[in-house]
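Colleague: I would like to learn how to read a model like this one, feature by feature. Could you take me through it?

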Amino acid sequence: MFDVLIIGGGVSSVSCALILGSACKKPFVEDKKIGIIIHQKASSLQNAVFNNAYGIPKGKLGSELLTETAAQLKDLYPHIEQIEEEKVLTIEKQPDGFLIETNKKKYTSKIIIIGTGAGNPFTIEGLEEYIIPHKKAAPEKNRIQLQNDDHFVANGIYAIGVLAGHRSQLSIAAGSGASAATDILTLWNDGKPVQVHDAVNK
């Protein structure tokens, strides 16, 4: 049983995992089991090149970022379980959380965070009741999102990135994942607001 399972291997999902991982020494996180299904599908980053994203060197390729950020997550926060080369097929509500079935295995988690993109049709069964047209995408693109209030979809379900209704920009997606992560940390901290920062000489 995971405490949180992140579904998706793109910007918002890995950003979310990095924030959760960086909080590992906080007493309300120490006993939490966190995982990420990091190879949901090919990311749109595969064909991207970045010149306008804060903190990213000009000319950085999206394909490089996908590899480098996954490696950074594994290097800095190895306690976060990275599940590779699996695609989530169904999510089923259970009395104590969710049953997540992939093309290879089954997992259970108390909370799920979904950052798989806004493609239509949505390929994960079990969340149909939350699907709506994307509010910030051009209608002709036929994109979808999950109905949510500041990433919160329903008890135990969060959407991040474009699936939460954000525009497809790297900085926005990264911030969306980080925002949801701090909401989870706040939840674990009995509702007391949480931010996670590293600092020189600390």
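Predicted model: local features only at pLDDT ≥ 70, side-chain atom pairs only at ≥ 80, totals over all residues.

**Reading the model, feature by feature**

Colleague: Is Glu81 buried, partly exposed or exposed?

Modeller: The relative accessible area is the number to look at. Buried means under 20%, exposed means over 50%, and partly exposed is in between. Glu81 has 33% relative accessibility, so Glu81 counts as partly exposed.

Colleague: How far apart are Glu81 and Ala17, in sequence and in space?

Modeller: Here you compare two kinds of distance. Along the sequence, Glu81 and Ala17 are 64 residues apart, while their C-alpha atoms are 9.9 Å apart in space. For another pair, take Glu64, which is found in helix α2. Glu64 and Val49 are 15 residues apart along the chain, with 9.5 Å between their C-alpha atoms. Glu64 is partly exposed, as its relative accessible area is 33%.

Colleague: And what about Ala199? Where is its place?

Modeller: Ala199 is in the segment after α3. At 41% relative accessibility, Ala199 counts as partly exposed. From Cys16, Ala199 is 183 residues away along the chain, and the two C-alpha atoms are separated by 19 Å.

Colleague: Back to strand β5, please. Is Gln82 buried or exposed?

Modeller: Gln82 lies in that strand, which covers residues 81-83. Its relative accessible area is 15%, and the cut-off for buried is under 20%, so Gln82 is buried. The side chain of Gln82 reaches the backbone oxygen of Ala70 at 3.1 Å.

Colleague: Now aromatic rings. How many aromatic pairs are there?

Modeller: The count comes to 2 aromatic pairs. One of them is Phe2 with Tyr107, with 6.2 Å from centre to centre and 55° between the planes, which makes the pair tilted. Phe2 belongs to strand β1 (residues 2-7) and Tyr107 to strand β8 (residues 106-114), so this pair links distant parts of the chain, 105 residues apart. Phe2 and Tyr107 are both buried.

Colleague: Why is the pair of Phe152 and Tyr158 edge-to-face?

Modeller: The angle between the planes decides the label, and planes over 60 degrees apart count as edge-to-face. The planes of Phe152 and Tyr158 are at 80°, with ring centres 5.6 Å apart, so the pair is edge-to-face. Tyr158 counts as buried at 9% relative accessibility, whereas Phe152 is partly exposed at 31%.

Colleague: Which residue lies over the face of Trp188?

Modeller: For this feature you look for a charged side chain above a ring. Lys32 lies over the face of Trp188, at 5.2 Å from the ring centre. Likewise, Lys93 lies over the face of Phe98, at 5.1 Å from the ring centre.

Colleague: How does one find empty space in a model like this?

Modeller: Rolling a probe the size of a water molecule over the atoms shows where empty space is left. In this structure, the second largest pocket has a volume of about 460 Å³.

Colleague: What lines the second largest pocket?

Modeller: Its lining has 20 residues, and Ser15, Leu18, Ile56, Thr69 and Ala174 lie nearest its centre. The elements that give two or more residues to this lining are α1 (11-22), α2 (62-76) and α3 (170-188). By type, the lining of the second largest pocket divides into 13 nonpolar and 7 polar residues, with no charged ones.

Colleague: My last topic is the backbone. Which residues does a cis peptide bond join?

Modeller: For the peptide bond, the angle to read is omega. A cis peptide bond joins Asn120 and Pro121, with omega at about 15°. Pro121 lies in the loop between β8 and β9 (131-133).

Colleague: What is the phi of Glu85?

Modeller: Phi of Glu85 is near 60°, a positive value in a residue other than glycine. Glu85 lies in the loop between β5 and β6 (88-94), and Glu85 is exposed, with a relative accessible area of 52%. Asp150 is not a glycine either, and has a positive phi of about 55°. The loop holding Asp150 is the one between β10 (144-146) and β11 (152-154).

Conventions. Residues numbered from 1 in each chain as written. Heavy atoms only, no water. Phe/Tyr/Trp six-rings, centres within 6.5 Å; stacked < 30°, edge-to-face > 60°. Helix = DSSP H or I, 4+ residues; strand = E, 2+ residues; numbered from the N terminus. Buried < 20%, exposed > 50% of the residue type's maximum accessible area, 1.4 Å probe, protein only. Lys NZ or Arg CZ within 6 Å of the ring centre and 35° of its normal. 1 Å grid on protein atoms, 1.4 Å probe; cavity = no way out; pocket = protein on both sides within 12 Å on 5 of 7 lines; lining within 4 Å. Points joined across faces, edges and corners; volume = space filled by probe spheres on them. Nonpolar A, V, L, I, M, F, W, Y, C, P; charged D, E, K, R; others polar. Polar contact = N/O pair within 3.5 Å; in protein donor to acceptor, adjacent residues only side chain to side chain.
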